[in-house]
Amino acid sequence: MDAYTPILILGALAAGFAIFSIAIAPLTGPRRYNRAKLDRYESGISPSPLPDGGGKVSVKYFFTAMMFIVFDIEIVFLYPFAVAFDQLTWFAVFAVLLFLVNLTIVYAYEWRRGGMEWT
């Protein structure tokens, strides 16, 4: 248990800081709001009006986000294997290949659903 004490202390400090920050924000934050601060912000231009009910978001937005996550996770997980490739066992090579098969399935699904068409 002594080996985990610093980790538990760090976790308690992080949780305490988060709780303190949330509790103190209403007391220290600005109390005067104006229309400009409460309005939506769209890259420095006037926001476009939304239809009643909030409007619809295109499904292509979610496909793009899913592709970003797929490729981002792929790079994050494959980089350590690429660095230590000469030291990998056969089990690790099989695990990497299984991971790549899963990513290929996601990529094929995305392609079939039209996520690669940018028009």
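Glu117 is exposed, with a relative accessible area of 51%. The cut-off for exposed is over 50%, so Glu117 falls in that class. This is a predicted model, and Glu117 sits in the segment after H4.

Glu117 and Lys60 are 57 residues apart in sequence. In space, their C-alpha atoms are 8.9 Å apart.

## Overall fold

The chain holds four helices and zero strands. Read from the N terminus, its elements run α-α-α-α.

Of the 119 residues, 10% count as buried. The chain exposes about 10,800 Å². Carbon and sulfur atoms supply 70% of that area. Take the contacts with a separation of 6 or more: residues 24 or more positions apart account for 56% of them.

## Helix H4

H4 spans residues 90–112 and has 23 residues. From its first C-alpha to its last, the helix reaches 33 Å. That is close to the 33 Å expected at 1.5 Å a residue. Just after H4, Gly114 takes a positive phi of about 90°.

Which residues of H4 are buried? They are Ala92, Val96, Leu103 and Glu110. An α-helix has 3.6 residues a turn, so residues three or four places apart point the same way.

## Nonpolar patch and Ile73

Phe68, Ile69, Ile73, Val76 and Phe77 make a nonpolar surface patch of about 500 Å². One of these residues, Ile73, has its place in helix H3.

Is Ile73 buried, partly exposed or exposed? Ile73 counts as partly exposed because its relative accessibility is 35%. Buried would need a value under 20%, and exposed a value over 50%.

## Annotated transmembrane regions

An unreviewed UniProt entry carries the annotation "transmembrane region". According to that record, the annotation covers residues 6–27, 61–82 and 88–109.

In the model, residues 6–27 are 100% helix and 0% strand. The end C-alpha atoms of that span lie 32 Å apart. Residues 88–109 are 91% helix and 0% strand. Here the end C-alpha atoms are 30 Å apart.

Technical notes: Residues are numbered from 1 along each chain as its sequence is written. This is a predicted model: local features need pLDDT of at least 70, side-chain atom pairs count only at pLDDT 80 or more; totals for chains, interfaces and linings use all residues. Side-chain values use heavy atoms; hydrogens and water are left out. Helices (H or I, at least four residues) and strands (E, at least two) are DSSP runs, numbered from the N terminus. The expected span of a helix is 1.5 Å times one less than its number of residues. Buried means under 20% relative accessible area, exposed over 50%, partly exposed in between (1.4 Å probe, protein chains only). Contact means heavy atoms within 4.5 Å. Accessible areas come from the Shrake-Rupley method with a 1.4 Å probe; for residues, only the protein chains shown count as cover. UniProt positions are given in the numbering used here, feature names are shortened, and annotations may be inferred rather than shown by experiment. Patches are made of residues with over 30% relative accessible area and no salt bridge: like charges are joined within 9 Å, nonpolar side chains (Val, Leu, Ile, Met, Phe, Trp, Tyr) within 5 Å. A salt bridge is a side-chain nitrogen of Lys or Arg within 4 Å of a carboxyl oxygen of Asp or Glu.
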